[in-house]
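Let's take a walk through a structure together, one piece at a time. Have a look at the picture first, then read on.

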Amino acid sequence: MLTFLARRLTHLIPVIFGVSVAVFLMIHLIPGDPARLVAGMEATPQDVENVRRALGLDRSLPIQYLTFVANALTGDFGQSFRTGRPVLQEIGFRYGNTLALGLAAVVIGTLLGIATGIVTAVYRGTWIDNAVLAVSLLGISVPTFFLGLLLMLTFSVYLGWLPLTGSGTWQHMVLPAVTLAIPNAAVISRVTRSSLVEVLNQDYVRTARAKGLSELVVVNRHAVRNALIPVATVTGLQMGYLLGGAVVTETVFAWPGIGRLIVQSISARDFPVVQASVLLLAVTFVVVNLLTDLVYRVLDPRIELK
Amino acid sequence: MLSHLARRHFLRLFAVTLGLSAAGPMPATAQAPKQGGTLRYATGTDAQTLDPQFVTDIPTARIVMQLHETLVYPDEKGEIKGALAESWTVSDDKLTWTFKLRNGVKFHGGAPLNASAVKFTFDRINADATKSPRRSSTAAIESVTAVDDMTVAIKTKSVFAPLLAQLSAYNLAIISPNAGKALNNDYSKAPAGTGPFKLGSWTPGEKMTLVRNPDYWGEKTKLDSIEIAVVPEDSARVLMLLAGQADMISNVPPVMVNRLRGAPNVQVIEKTGFRTIYAGMNVTMKPFDNPKVRQAVALAIDTKALLEGVMNKIGTAGGGLESPVIPGATEFPPYPYDPAKAKALLAEAGYPNGLTVDFYVPTGRYINDRQLGEAIQAQLAKVGIKVNLQTPEWGAYQAMLNDKTKIPFFLLGKGSPTGDLDFTLAITTQSKGSGNYGNYNNPEVDKLILEQRSTVDPAARKEVLRKVLQHTYDDYPWVVLFYENQLFGQKANVRGVEVLPNENVVFARAWLQ
């Protein structure tokens, strides 16, 4: 187990190196001049030159990259071009917000998805199955901004139960988390259903029924656990995306998360922030994958961690 | 772009629903201003910094100018009035301007305003170590000296008529020498200007609180505080206003304006701004090197239809490069719409069967920019100009514009940070101007730009500036579509918020009924 963890974590080193080179090259090679964007449209050429020198962009690319790496190794990711604040400070609290929102959405989405998935598998072919299918199709197809605005209209403007935007209290998190969770739940529900239907047709389930076990025990004790492996895979992937920041949801609900930060920083060619946050997301993705593998092991002890 | 279109339709539908939902009569009786209360303001973008010398965008300037003040400021009519300077005189050689400072003014930290604080401010923006992106704000200034404790002399390198307007720019707001030792982000933690509000707290990217400055030299604010929330999504801000979770919102989408106007407890503030939206042509690129082609384009664009059809009448018509609300600008009519003459001109220019051009349009930078591009595309098609719309992302677009040889035809906006024509005409119309993306070149204009700078008499200077605008109007290097209007929404009980033409918002005299 420990050697497994150690080995998997060493995989992070090439990932981080590869991502840092790729991001550095991509952001420097796309057209656009950060000095010009920082100085603003109505700046004089002299101002733009001053900014370029102040940001260190007058140096050659390899020098810029090596400086970035050398500083990053000491934990210094530089300052944001846009705000002058340390990059770690810019990313830090936003990443916390994204983690909180992403985890809430994963929990809601997974619970709702698995629950409805089990119900539809057990009652497959009935009106319940069809109704849930219809709702989950809607859940997958509705664009996030539309869903978000509908929820806002209903729960904030008409009912006045929840605040519209912002963050700070759990009430602020409800609407964005539900907005993110609904498409998530819809996918997990479909995966759970098909996986469970397959398991319910297995011989050992027939044996369990033949032993005279109640349907509740058959489904919950014997079938569900075996049906959850594909669900874990899908949940892991969804979690990777959610922790990468949900740009649209963050924007609609004015949730200060990392997705919106990255998009803004790319538009502003805020190189230090883009580099550091993409690195952080790459690490997150690797860690989430690792956790998913651990969950497999919990669900099915026969799976060996190599 | 399908999703974008879908979104617009959705907003319309949405606006209808909201219109039905809003209810309740609003008593509109005049009252004496009420003391106290917190105004909740939702804006699309957060301030980037609170250090005036690092401000390069309007949303940031709006916040910074609640906390800071400049020596002088233009009032609603554009007339320059004293703020921190009580009075001033100009020397006979017109090179030295002497300012008498207002007595009894204190910075937020408690330090008094005096001549050395003013000198400190100007020296700071000019210091290499400061690395200010707007160092050129003081380019015309030779030296700033403290004559006595409350008197400052500013000497210019040559006669510089727009000095007062330049001094009213947000980058030259006066800051406390104590707080000003820290730069940019460090200064922003404890900014100390002389403004009517002080910084309460700030969570960057999320929210900020400004509180009343009890030691303000002028009339103290009625409001206890302003809570500023950063809400990037336009429709979310509108919802906040209608749900009563915000008292005032910035940048109302034009499609929502009629519905907001119909809602009884909400008001729309619409003010002509300093920003010109124009379609520029590169006069050194084919086919626009031919003046007849440029004139044909000008006559084939129906600006009235754009304003009414695309902009929902949100905008101010006009043909001159500079918005007529900027002091010193002269009004020009929009070019006439004459497609028949445009066709004839194209034939004369050697394009009897029409021509094809690439038209570059930003998306989301200005209100309805892409829709404007599409409408112009349709209008030009009627005279035989086939337009290919190009919509690069803003950073790439700006890089191509700066190259000045890559983009033949472009949609762009142009603001006026100093509120004086000198600055923007110099960068936009001078042959070597950094914002002259179409390589417009008229030696007479270059000469007039230098002439207005040394013409201190306002009326005479306005005439020189008028000539510059007249030349650019007659040469057809661009077609001005309209001047952008600033749109704010506020609850009916909000009083006294002033939206200035230079895009600043003054909360100093605001109160809640």
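Predicted model: local features only at pLDDT ≥ 70, side-chain atom pairs only at ≥ 80, totals over all residues.

Residues are numbered from 1 along each chain as its sequence is written, while chains are lettered from A and ligands numbered from 1 in the order in which they are written.

Start in chain B, with an open sheet of 4 strands in the order β4-β5-β7-β6, paired antiparallel. Helices (H or I, at least four residues) and strands (E, at least two) are DSSP runs, numbered from the N terminus. Two strands pair if DSSP finds at least two bridges between them. At the edges sit β4 (85–90) and β6 (141–148) of chain B, each of which pairs on one side only. From one strand to the next, the twist averages 20 degrees; angles run from 0 to 180 degrees between N-to-C directions, using axes fitted to C-alpha atoms, for helices over the stretch in contact.

Now zoom in on β6(B), which is linked by 6 bridges to β7 (151–156) of chain B, in the antiparallel sense. Contact here means that the C-beta atoms of two residues, placed from the backbone, lie within 7 Å.

Next, find strand β12 (266–281) of chain B. It runs antiparallel to β16 (478–491) of chain B, with 12 bridges between them, and B:Thr272 has B:Asn485 in β16(B) as its bridge partner. β12(B) also has 6 bridges to β15 (409–414) of chain B, again antiparallel. Over in β15(B), B:Phe409 stands opposite B:Met281.

Hop over to chain A for helix α9 (170–200). Where does α9(A) bend? The bend, about 30 degrees, is at A:Ala181, and A:Pro183 follows within four residues. A bend at a residue is the angle between axes fitted to the seven residues ending there and the seven starting there.

Finally, the two chains touch: 44 residues of chain B and 42 residues of chain A take part in the contact. On the chain B side, α12(B) gives the largest share, 7 residues.
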